[in-house]
Amino acid sequence: MAHDTPIMEVRNLTKHYRAGGAGLRHAVTKAVDGIDLSLRAGETFGIVGESGCGKSTVARLMMGLEAPTSGEVYFRGERIDNMPESRKRLLRPKFQMVFQDSGSSLNPRKRVMDILAEPMLYHGKAGRAEVLRRVDELLEQVGLPSAAKTRYPHEFSGGQKQRICIAKALSLGPELIVLDEPVSALDVSVQAQILNLLKDLQEELKLTYLFIGHGLGAVRYVSSRIAVMYMGKIVETGGADELFRHPAHPYTQALLDAAPVADYSLRNRPRIALRGEAGGMAPAGGCPFRDRCPHARPVCAEMTVSLEPVPGGEGRLSACPFGR
């Protein structure tokens with residue numbers, strides 16, 4: 001059950017990269033361009049968007065794996081983006097991350113018991129004997145047998161490797177876990193197993209998730225609230241069910257239209273057709289989506305884009321005034 005207590009917040013967060021190459025000395029890619037997010041304790045907050053929209057960069061900024069160009073990151077009201085490393089090290093067990101590529105997240109030369117024990121020993125969570133007992137508990141929590149602890153990562157399937165990565169994230173007793181496309185590399189049947197495992201663990205351990213993905217079905221299944229990102233900006237946010245039923249931004253509608261549907265009778269339904277493809281840099285000024293939007297108007301090149309309430313939208317916000 002989600003509460004109103006913010007466990008993590010980002011305020012006006014930006015991350016800009018200098019573009020390389022001839023004639024691009026002063027070009028800047030705005031991977032994240034002034035976003036605000038607030039995660040409530042106990043909820044799953046989803047971020048969805050095309051590849052390159054900046055959602056994984058947001059995750060790395062929140063985890064402190066990259067420094068923001070500007071903006072602020074808070075964990076339980078304490079600013080952490082500019083925190084001394086000695087202090088940040090004490091807080092790191094409270095927020096952990098699970099990556100998309102489970103294979104590269106696990107040291108191929110170490111047995112599972114060492115992979116799971118190492119973080120606990122480094123942070124002084126318990127002595128060696130207690131840590132080994134804890135390894136067995138973690139494997140049981142993620143649905144793997146105790147015998148798995150003596151094996152190496154290459155001996156497991158992709159879904160089993162992701163279970164080990166989840167166990168590693170749980171090993172330090174976190175309050176928040178950032179899940180960066182944790183099922184996109186898995187078969188559909190295995191995806192469902194991992195998603196159900198995540199939901200069970202959340203209920204059992206009272207966890208908060210930030211779930212990042214481009215698969216709309218997976219994001220909707222686990223999320224209570226969702227933010228839609230396009231070229232570094234959040235263009236719509238709100239409750240998952242309401243956002244999927246009545247999208248207010250044309251980009252959100254386009255994402256939904258592009259998703260496969262099981263009902264054959266809906267396959268010829270009217271859909272939004274986007275113009276062109278997502279590029280590396282947004283057009284200067286105005287709405288970043290205007291070059292691809294079928295509903296774009298001349299004013300879209302000049303307007304100041306901001307998230308505003310959607311009338312009757314039950315707390316939803318949209319960056320398109322014409323879709324509200």
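1. Of the contacts in the protein with a separation of 6 or more, 62% are between residues 24 or more positions apart. Contact here means heavy atoms within 4.5 Å. This is a predicted model: local features need pLDDT of at least 70, side-chain atom pairs count only at pLDDT 80 or more, and totals for chains, interfaces and linings use all residues. Residues are numbered from 1 along each chain as its sequence is written, and side-chain values use heavy atoms, with hydrogens and water left out.

2. The protein has 10 helices and 12 strands. These are DSSP runs numbered from the N terminus, with helices being H or I of at least four residues and strands being E of at least two. Two strands pair if DSSP finds at least two bridges between them.

3. Of the 324 residues in the protein, 46% are buried. Buried means under 20% relative accessible area, exposed over 50%, and partly exposed in between, with a 1.4 Å probe and protein chains only. The accessible surface comes to about 15,900 Å², and carbon and sulfur atoms hold 51% of that; such areas come from the Shrake-Rupley method with a 1.4 Å probe, and for residues only the protein chains shown count as cover.

4. The largest nonpolar core has 55 residues, and L116, I166, L170, I177, F211 and V228 have the most contacts inside it. A second, separate core of 30 residues includes I35, V58, L176 and L210. A nonpolar core is a set of buried Ala, Val, Leu, Ile, Met, Phe, Trp, Tyr and Cys residues joined through side-chain atoms within 4.5 Å. Leaving aside neighbours within four places in sequence, L116 is in contact with V135, L138, L139, I164, A167, K168 and S171.

5. An open sheet of 8 strands runs in the order β6-β7-β8-β3-β9-β10-β12-β11, with mixed pairing. Strands β6 and β11 (308-309) are at the edges with a single partner strand each, so one side of each has no neighbour in the sheet. Helix α10 (residues 250-258) packs on this sheet and touches β9 (225-230) and β10 (233-239); its direction makes about 100° with that of β9. Axes are lines fitted to C-alpha atoms, for helices over the stretch in contact, and angles run from 0 to 180 degrees between N-to-C directions.

6. Strand β7 (residues 176-180) has 5 of its 5 residues buried. L176, V178 and D180 are on one side, and I177 and L179 on the other. Strand β6 (residues 95-98) runs parallel to β7 and is joined to it by 4 bridges, while 5 bridges join β7 to the parallel strand β8 (residues 208-213). I177 stands opposite Q96 and also opposite Y209 in β8.

7. Why does Q96 count as buried? Its relative accessibility is 16%, and the residue lies in strand β6. Not counting residues up to four places away in sequence, Q96 touches M63, A169, L172, P174, L176, I177 and V178.

8. A second open sheet, of 4 strands, has the order β2-β1-β4-β5 with antiparallel pairing. Its edge strands, β2 (28-40) and β5 (78-79), each pair on one side only. Strand β1 (residues 6-18) and β2 share 10 bridges in the antiparallel sense, with R18 opposite V28. Helix α1 (residues 55-63) packs on the sheet, touching β1, β2 and β4 (70-75), and its direction makes about 115° with that of β1.
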